[in-house]
Amino acid sequence: MKISSAEYVNFFRHSSPYINAHRGRTFVIHLGGATLADEGFSTIVHDIALLNSLGVRLVLVFGARPQIEQRVVERGINCRFHHGVRLTSKEVLESVKDAVGSLRIRIESMLSMGLANSPMHGARIRVVSGNFVTAKPLGVVDGIDFQQTGEVRRIDREAITQLLNDGYVVLLSCLGSSPTGEVFNLPVEQVATATAAALKAEKLILFGAGNGICNAEGELLRQMRVQQARTLLPALEDEPKQLLEASINACAQGVNRCHIIGHGTDGALLQELFTRDGAGTLVTQQGYEETRQATIEDVGGILELIQPLEEQGVLVRRSRKQLEQEIDLFTVIERDGMIIGCASLHPFTDVRCAELACVAIHPDYRQGSRGDLLLEYAEEFARRQGIERLFVLTTRTAHWFVERGFGEIPVEQLPEAKKQIYNLQRNSKVFEKQL
């Protein structure tokens, strides 16, 4: 699909905040064997090259399940599985090493392309791989000896970090070595998870066949907390279960965000990282700070938060009774049992707009982009309700909203119901944002 110059410029402008946010960050990207076999893998390589050129520190972790299976079948080897895990005999291990070695060379060569008139022209990506994953045998489970199937023992964080500091893209496979010199076949999801955790990566990005995780109705789930992800696991099978489980484990080990995207969608990596809606499923860790819908128990905390701003004339005064009546319209940020942020969304469904009101952040926590988090939460909630535009009335914080895409409109453009209760003495300015 061809886009106009204006659409391109608009996209580029809206992606610039993400470009700034991602520069200098460490991303671990999981590439399963099916992703490498996909005919669109070359475009994924181009997108990886673009991330590298934008200053993202990249670790690529690749698997080889279908390629291993192909070699095992061609050689007539009887390969057994137990609970979905391959039993790697010494004979099977030769097929594993063959498949992994071939894929490593292919990935390195694709990242080295620099032909003129191609997306890789002038990229000059330096790729390095090595013995950065220490493994140990999985051992005997349920009476079954898994032989050369192993699990991650340690990731050489110091060496990988130094290479990333020097501008290299680090390439890891599903093979690991033991201190005794043995080679083990490892689950690629485990290598990716352990690497992201060891490096304290900002993101773990996992490619799969689907566009992300779907609910029972087949609808793509754009975002979920770890707690919700755990409740979905029993209903999933095969690759979706493996990828969601890896995301949960990574979040539990301190990775901020895990993204599950589809290798069959052209540009899914860039859409996920540089657009507001993304292209797949985002899984975030459930820390001691949480953004959520307010409950009646939060009324006291909200009152304590907004009272100083009401006294300063920044916010309109609200009584406890009014808050109790409108509590379902509020979103709060709770930190270790304390309400440190709030906002309310008042819909006018007949004209498909909503008022964003009572946006407040505790003075001690105004340096962490929590206002942006509340705004993002409110916008997403509004879209799900079919709301097409947001408006705010403000006397003291106009610039904050303007910097986030709101534009001033005359009072006359307010919904009729809101105009009837507009406070002329307060003389608030009105700003609007299209969703």
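Which residue forms a salt bridge with Asp-372, and how far apart are the closest N and O atoms? Select Asp-372 together with Arg-404, its salt-bridge partner, whose closest N and O atoms are 2.6 Å apart; a salt bridge here is a side-chain nitrogen of Lys or Arg within 4 Å of a carboxyl oxygen of Asp or Glu. The pair links distant parts of the chain, 32 residues apart, with Asp-372 in helix 13 (residues 370-384) and Arg-404 in the loop between helix 14 (398-402) and strand 22 (407-409). Helices (H or I, at least four residues) and strands (E, at least two) are DSSP runs, numbered from the N terminus.

Before going further, note that this is a predicted model, in which local features need pLDDT of at least 70 and side-chain atom pairs count only at pLDDT 80 or more, while totals for chains, interfaces and linings use all residues. Residues are numbered from 1 along each chain as its sequence is written, and side-chain values use heavy atoms, with hydrogens and water left out.

Glu-403 is exposed because its relative accessible area is 61%, whereas Asp-372, at 28%, counts as partly exposed; the cut-offs are under 20% for buried, over 50% for exposed and in between for partly exposed (1.4 Å probe, protein chains only).

Next, select Arg-104 and Glu-108, which form a salt bridge with their closest N and O atoms 3.2 Å apart. These two residues are 4 apart in helix 5 (residues 90-110), so they are separated by about one helical turn.

Now move to strand 16 (residues 281-284), where Thr-281 and Val-283 point one way, Leu-282 and Thr-284 point the other way, and all are buried. Strand 14 (residues 223-225) runs parallel to strand 16 and is joined to it by 3 bridges, and here Arg-225 has Thr-284 as its bridge partner. Strand 15 (residues 257-262) pairs with strand 16 in the antiparallel sense over 4 bridges, with Val-283 as the bridge partner of Cys-258; two strands pair if DSSP finds at least two bridges between them.

Finally, select Lys-418 in helix 15 (residues 416-419), which is buried because its relative accessible area is 12%. Leaving aside neighbours within four places in sequence, Lys-418 is in contact (heavy atoms within 4.5 Å) with Phe-348, Glu-355, Phe-391 and Leu-393.
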